Amino acid sequence: MQLITCPWCGPREEIEFSYGGQAGVAYPEHPASLTDEQWAHFVFFRDNPKGPFAERWSHNAGCRRWFTAVRDTRTYRFLSSPTSNPELTS
Amino acid sequence: MADEMADRTLTPTHPLADRRRLLAAVADETAGAVRLELEAPVAAVDLRLDPRGTGPAAIAADLGAELPSEPDTWTAHPTGTALRLGPDEWLLTSTAARPEDWEFHLDEVAVAHGGMAVDVSAQRTSLRVRGAARELLSFGCALDLRPAAFPRGRCAQTLLGQSGVLLAAGLDGDVDDLQILVRPSFAAYVADLLVDAAAELVPQPA
């Protein structure tokens, strides 16, 4: 089983984590002014690169914190040492 | 009829009370290699605080002991333990405090520093494994539980079999032991898993 490094708990088995999709998808500044198509793009459309992909992960069975990690979608290998919310890490 | 009506006192039952005998039998079956014990319920409070603010120091002054600063560690305070669950989260337990009063009191201290405290006494129940605890848990837990990697003073939230657990190492000090804190609804599953795993530690006739 693959080990994923949680920025708080360290390396743990992948079943302790859940996937949160693409990282850095910003909430629209004025949601009410969006057309249906623009809204659909925000809700449903995600990058699907072959290679490094920045993703959100949650350490559900551990510290229950979200963090961002870069993973290679071809090899499943985690490329970056993940960074958590810096405001919460002392 | 009157007598029937009078006796309505509710007495708390340990979630694993019906497995007490099963767990006690493990010590005999393994010739004392491993002992499983139920622990009495304690008051528990979940504390959320900004670790860089003044909150941790204020709580420490109130408890009479420092909060753990390293990830996944616990420290003792006069009536219980403080376990660090996350960057801004601690679990405080006390054998002396009344849960509701303690929650109210700690919340008052925490709110003054932008934090909060919530009573979670009913959220977890506790099992203590003594003896070959690390070997027993390794049958269902992926963490490296060897003393070098998980020494006294460490704690960790992880999976034991299919159930989420909170492990704490060496609460007794001199004796090697592990405490397993588990949701009451999963406690029976974890107890059965440990009893089942203990069969591997039964000494075989030569």
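Here are some notes on this predicted model of chains A and B.

1. **Confidence in chain A.** Since this is a prediction, let's start with pLDDT. Chain A averages 88, and 89% of its residues reach 70 or more. Going element by element, helix 1 (residues 36-44) of chain A has the highest mean, 95, while strand 6 (residues 83-84) of chain A has the lowest, 54.

2. **The stretch to read with care.** Over residues 84-90 of chain A, pLDDT stays under 50. The model still gives that stretch 13 contacts beyond four places in sequence. Residue 84 also belongs to strand 6 of chain A, the element with the lowest mean pLDDT in that chain.

3. **The A/B interface.** How many residues does each chain bring to the contact? Chain A puts in 15 and chain B puts in 17. Together they bury about 1,500 Å², and carbon and sulfur atoms account for 51% of that area.

4. **Charges and polar pairs across it.** The rule picks out 4 salt bridges between chain A and chain B. One of them has a partner from each chain that you can look up: the side chains of A:R65 and B:E89 meet at 3.4 Å, N to O. There are also 7 residue pairs in polar contact across the interface, with both residues at pLDDT 80 or more. On the side of chain A that touches chain B, the residues split into 6 nonpolar, 3 polar and 6 charged.

5. **A:D72.** Is this aspartate buried or exposed? A:D72 counts as buried because its relative accessible area is 8%, and the cut-off for buried is under 20%. A:D72 sits in strand 5 (residues 66-72) of chain A. Leaving out residues up to four places away in sequence, A:D72 touches A:G51, A:P52, A:R77 and A:L79. Take A:G51 from that list: A:G51 and A:D72 are 21 residues apart in sequence, yet their C-alpha atoms are 4.7 Å apart in space.

6. **Chain B overall.** Chain B has 206 residues, and 47% of them count as buried. Its secondary structure comes to 6 helices and 10 strands, and its C-alpha trace spans about 65 × 60 × 30 Å along the principal axes. If you take the contacts in chain B between residues at least 6 apart in sequence, 60% of them join residues at least 24 apart.

7. **B:T93.** This threonine is in strand 5 (residues 89-94) of chain B. B:T93 is buried, because 12% relative accessibility falls under the 20% cut-off. What does the side chain of B:T93 make a polar contact with? The partner is the side chain of B:T81, at 2.8 Å. Other residues that B:T93 touches include B:V42, B:A43, B:A44, B:H77 and B:W102.

8. **Two positive phi values in chain B.** Have a look at B:A31 and B:D72. B:A31 has a positive phi of about 55° although it is not a glycine, and B:D72 is also a non-glycine with a positive phi of about 55°. B:A31 lies in the loop between helix 2 (20-29) and strand 1 (34-38) of chain B, whereas B:D72 is in the loop between helix 3 (55-63) and strand 3 (74-77) of chain B. As for accessibility, B:A31 is exposed, at 61%, but B:D72 is buried, at 3%.

Notes: Residues are numbered from 1 along each chain as its sequence is written. Chains are lettered from A and ligands numbered from 1 in the order in which they are written. Side-chain values use heavy atoms; hydrogens and water are left out. Contact means heavy atoms within 4.5 Å. Buried area is the accessible area (1.4 Å probe) that two parts lose on being put together, summed over both. A polar contact is a pair of N or O atoms within 3.5 Å; within protein, one must be able to donate a hydrogen and the other to accept it, and residues adjacent in sequence count only if both atoms are side-chain atoms. Ala, Val, Leu, Ile, Met, Phe, Trp, Tyr, Cys and Pro count as nonpolar, Asp, Glu, Lys and Arg as charged, and the others, Gly among them, as polar. Helices (H or I, at least four residues) and strands (E, at least two) are DSSP runs, numbered from the N terminus. Buried means under 20% relative accessible area, exposed over 50%, partly exposed in between (1.4 Å probe, protein chains only). pLDDT is the predictor's confidence in each residue, from 0 to 100.
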